[in-house]
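Here are some friendly notes to read alongside the structure. Keep the 3D view open and find each part as you go.

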Amino acid sequence: MSETAVDVLVIGSGAAGLAAALTASIEGLSVLVVEKTEYIGGSTAISGGGIWIPNNNQSEKCGHPDSIAEAKTYLDRVVGNWSSDEMKLAFLEKGPAALDYLERNTDLEVTGRVYSPDYYPDAEGAKLGGRGVDPKVFDGRLLGAHFDELRPPLAEFTVLGGMMVNTYDVYHLLGITKKIASFKHGMKLLARYAADRLRYKRGTRLLLGNALAGRLFKSMLDRGIPYWLNAPAKRLIVADGRVTGAIVSRDGRDVQVDVRRGVVLATGGFPSDPKRRRDFMPIETGMWSMSPSANTGARPTSGIDHVHCGLNGFHHAGAEGAARSGDRRQRADAEHTCRLREDKRGHRQQGGACGGPLEKLAAGGGRHAGTPLSGGLCLRIAARSYGNHR
Ligand SMILES: Cc1cc2nc3c(=O)[nH]c(=O)nc-3n(C[C@H](O)[C@H](O)[C@H](O)COP(=O)(O)OP(=O)(O)OC[C@H]3O[C@@H](n4cnc5c(N)ncnc54)[C@H](O)[C@@H]3O)c2cc1C
């Protein structure tokens, strides 16, 4: 078995993994990203890309001045005691800072939503806008030869076999024969797309989650962060109670990756595992998921399964595994994030919404190794690292 060593190994290349990798690199650490599929981007690349961070640097500009207190009231009303105050506050205090950090140091650029009501607009503390931000349109041509390595968006977000469109574009395309402004916008889109298709398999004007993943991927390329595709992490290496690396499959061979500082598990959720969806979701979800089929919350034979962690609203996969693990701290996390309870109507509910370990991490709690931010959408950060802490 061959060996390699880095400061930080990041497993998974969605927003959480890429953000963690970028942060580690910006802070001067050597990083390797391993991704089990042939694509960078995970669910993030096919998602809507909307990021919910109250009191962000755009809220006021969007006409919705916000405060931690108001957002905390909202979370208290909506999430209740399924997440601790400590976690809610970590999310609310560190979320805007994480977004600022990424915007300052990487190609991530976002636009605030002027009108985008919170999911529970009648709840105390809710806002009608300003809390959600969207990644700005990204030019996929900037990825050069790596464009094909970015996971393509869902067909539902494209027209004409590969041109990404948002609601603004759809409005103009539908009115292309009716208004001059729509004609101009529509023709510009079509001309760009036609030119793209002479060179690329799909349009290069990227929107939504594809723009988010594309922007983070571009930043990773610019920083020269190495990444391995088709390289599933199979298990963690544990010595003296600490994770010291992982075994990663690459080109059909096992490679031992030793880490000096830590392993970040950003492997997403298990939306493509119908059984666990059935076990953990309050209502029957059927066989299908829009997420990549690789997002099964993979269950290699040992190690990594214990601390598997992700977003997708299914990040409790990690907790589920951890609940069975022998580690006291992991079990405590698991009990917190994975608590199932009955709601008033007798439905099984998941505890700990937005209460993942990253909030703790952001608050500096526990023994989690230091990545100060999430990349996860909604900032329920998936990255969770166990490493050589000093
Ligand atoms: C259609 C759709 C729309 C959505 N829209 C929104 C939205 O607008 N706003 C929002 O907040 N959320 C949205 N979501 C949810 C959101 O996309 C996810 O919660 C988020 O992208 C998860 O990010 P992540 O980095 O944790 O995981 P992912 O982006 O899924 O990345 C995990 C990566 O880890 C890789 N991996 C897994 N196991 C291993 C292993 N053993 N070794 C190596 N690599 C591994 C996977 O292949 C994957 O590439 C949407 C989801 C979908 C499907």
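Predicted model: local features only at pLDDT ≥ 70, side-chain atom pairs only at ≥ 80, totals over all residues.

1. The chain has 390 residues, and 48% of them count as buried. Its secondary structure is made up of 10 helices and 16 strands. If you take contacts between residues at least 6 apart in sequence, 68% of them join residues at least 24 apart.

2. Among the buried ones are Ala15, Gly17, Leu18, Leu22 and Ser25. The cover over the buried residues of α1 includes strands β1 (2-11), β2 (31-34) and β13 (253-265), along with helices α3 (85-105) and α6 (208-223).

3. At 1.5 Å a residue, its 12 residues should span 16 Å, and the C-alpha atoms at its ends are 16 Å apart, which agrees. Just after α1 comes glycine 28, with a positive phi of about 95 degrees.

4. Next, look at the largest nonpolar core, which has 61 residues. Leu9, Val10, Ile11, Ala21, Val34, Leu216 and Val263 have the most contacts inside it. Helix α1 (residues 15-26) gives the most to this core, with 8 residues. Why does the core lie between two domains? Domain 1 (2-134 + 222-386) and domain 2 (155-206) both give residues to it, so it lies between them.

5. Which residues does alanine 21 touch, apart from its neighbours within four places in sequence? Alanine 21 is in contact with Val10, Val31, Val33, Met220 and Ile225. A second, separate core has 7 residues, including Ala71, Tyr74, Phe91 and Leu92.

6. Now turn to the hairpin of β11 and β12. Strand β11 (residues 233-239) and strand β12 (residues 242-250) run antiparallel and are joined by 6 bridges. The hairpin has 2 residues between the strands, and aspartate 240 takes a positive phi near 50 degrees.

7. Finally, find glycine 144 in the loop between β6 (138-139) and β7 (158-159). Is glycine 144 buried or exposed? It counts as exposed, because it has 9 C-beta neighbours inside 10 Å, and the cut-off for exposed is 12 or fewer. Glycine 144 and lysine 218 are 74 residues apart along the chain, while their C-alpha atoms are separated by 9.4 Å.

Conventions:
Residues numbered from 1 in each chain as written. Core = buried A, V, L, I, M, F, W, Y, C linked by C-beta atoms within 7 Å. Buried ≥ 20, exposed ≤ 12 C-beta atoms within 10 Å, placed from the backbone. Helix = DSSP H or I, 4+ residues; strand = E, 2+ residues; numbered from the N terminus. Domains from an automatic or database assignment. Contact = placed C-beta atoms within 7 Å. Pairing = 2+ DSSP bridges. Expected span 1.5 Å × (residues − 1).
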